[in-house]
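Please read these points with the model open beside you. They run from the whole chain down to single residues.

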Amino acid sequence: MQQLLGEFECKMDAKGRMRLPSGLIAQLGEEKDQEFVINRGFEKCLMLYPIKVWERISSEVNQLNQYVRKNREFVRYFYRGAQQLEMDSADRILVNKRLLEWAGIDKEVILSAYNDRIELWAKERYDLL
């Protein structure tokens, strides 16, 4: 997969659905028909990973020594709220309401794509960065 890049303004509907922008879909290439995993970011944002990227990262996380308390706490935080998503025929994803509430995302969303992942930010929070 090529490197993802760009900022995209999107709208979240009342059901928690958001259409992925065509410019971002084009960057996903053959990944576009595959699944994603979304979870909490390290800041008050959500992280959207193509499934292959998620598998690589979660494999690294699973290598942490579970007998170390800080590692267990990190693993819990990392996986908390994680869910698999698929784009529907209209290129939309459905995001869990609980995750949206945690990130403070209501209607206006900024997608910030970099490297191999995509951050979802509430527009008003992103504008303060």
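**Notes on the predicted model**

1. Charge first. The protein chain carries 21 positive and 21 negative charges, and their mean positions lie 7 Å apart. Lys and Arg count as positive, Asp and Glu as negative; His and the chain ends are not counted. Each charge is placed at NZ of Lys, CZ of Arg, CG of Asp or CD of Glu.

2. Ground rules. This is a predicted model, in which local features need pLDDT of at least 70, side-chain atom pairs count only at pLDDT 80 or more, and totals for chains, interfaces and linings use all residues. Residues are numbered from 1 along each chain as its sequence is written, and side-chain values use heavy atoms, with hydrogens and water left out.

3. Confidence. Mean pLDDT (the predictor's confidence in each residue, from 0 to 100) is 94 for the protein chain, and 96% of its residues reach 70 or more. Helix 1 (residues 22–28) has the lowest confidence, at a mean of 91. Strand 8 (residues 117–122) has the highest, at 98. Where pLDDT is low, the predicted coordinates should not be read in detail.

4. Fold elements. The protein chain has five helices and eight strands. Both are DSSP runs numbered from the N terminus: helices are H or I with at least four residues, strands are E with at least two. Along the sequence the order is β-β-α-β-β-α-α-β-β-α-β-β-α. The radius of gyration is 15 Å, close to the 14 Å from the globule rule for 129 residues, so the protein chain is as compact as a globular protein of that length. That radius is taken over C-alpha atoms, and the rule is 2.2 Å times the number of residues to the power 0.38. The C-alpha atoms fill a box of roughly 45 × 30 × 25 Å along the principal axes.

5. Packing and surface. Of the 129 residues in the protein chain, 43% are buried. Buried means under 20% relative accessible area, exposed over 50%, and partly exposed in between (1.4 Å probe, protein chains only). Among contacts (heavy atoms within 4.5 Å) with a separation of 6 or more, 60% join residues 24 or more positions apart. The protein chain exposes about 7,600 Å², and carbon and sulfur atoms supply 48% of that area. Areas come from the Shrake-Rupley method with a 1.4 Å probe; for residues, only the protein chains shown count as cover.

6. Which phi values deserve a look? Asp 91 is not a glycine, yet its phi is positive, at about 65 degrees. Asp 91 sits in the loop between strand 5 (83–85) and strand 6 (92–94). Its relative accessible area is 25%, partly exposed. Asn 115 also has a positive phi, near 55 degrees. Asn 115 belongs to strand 7 (residues 108–115) and is partly exposed at 42%. Most residues other than glycine have a negative phi.

7. Val 61. This residue lies in helix 2 (residues 51–62). Val 61 is buried, at 6% relative accessible area. Beyond its neighbours within four places in sequence, Val 61 contacts Phe 74, Val 75, Phe 78 and Tyr 79. Tyr 79 is 18 residues away in sequence, and the C-alpha atoms of the pair are 9.6 Å apart.

8. Glu 119. Is Glu 119 buried or exposed? Glu 119 is buried, with a relative accessible area of 11%. The residue is part of strand 8. Setting aside residues up to four places away, Glu 119 touches Cys 45, Leu 46, Met 47, Ile 110, Leu 111, Ser 112 and Tyr 114. Ser 22 is 97 residues away along the chain, and its C-alpha atom is 16 Å from that of Glu 119.

9. Tyr 67. The loop between helix 2 and helix 3 (69–79) holds Tyr 67. Tyr 67 is exposed, at 78% relative accessible area. Tyr 67 and Arg 125 are 58 residues apart along the chain, with 36 Å between their C-alpha atoms.

10. Lys 123. Helix 5 (residues 123–126) contains Lys 123. At 21% relative accessibility, this residue is partly exposed. Outside the four places on either side in sequence, Lys 123 is in contact with Glu 9, Glu 108, Val 109 and Ile 110. Asn 71 is 52 residues from Lys 123 in sequence and 32 Å away in space, C-alpha to C-alpha.
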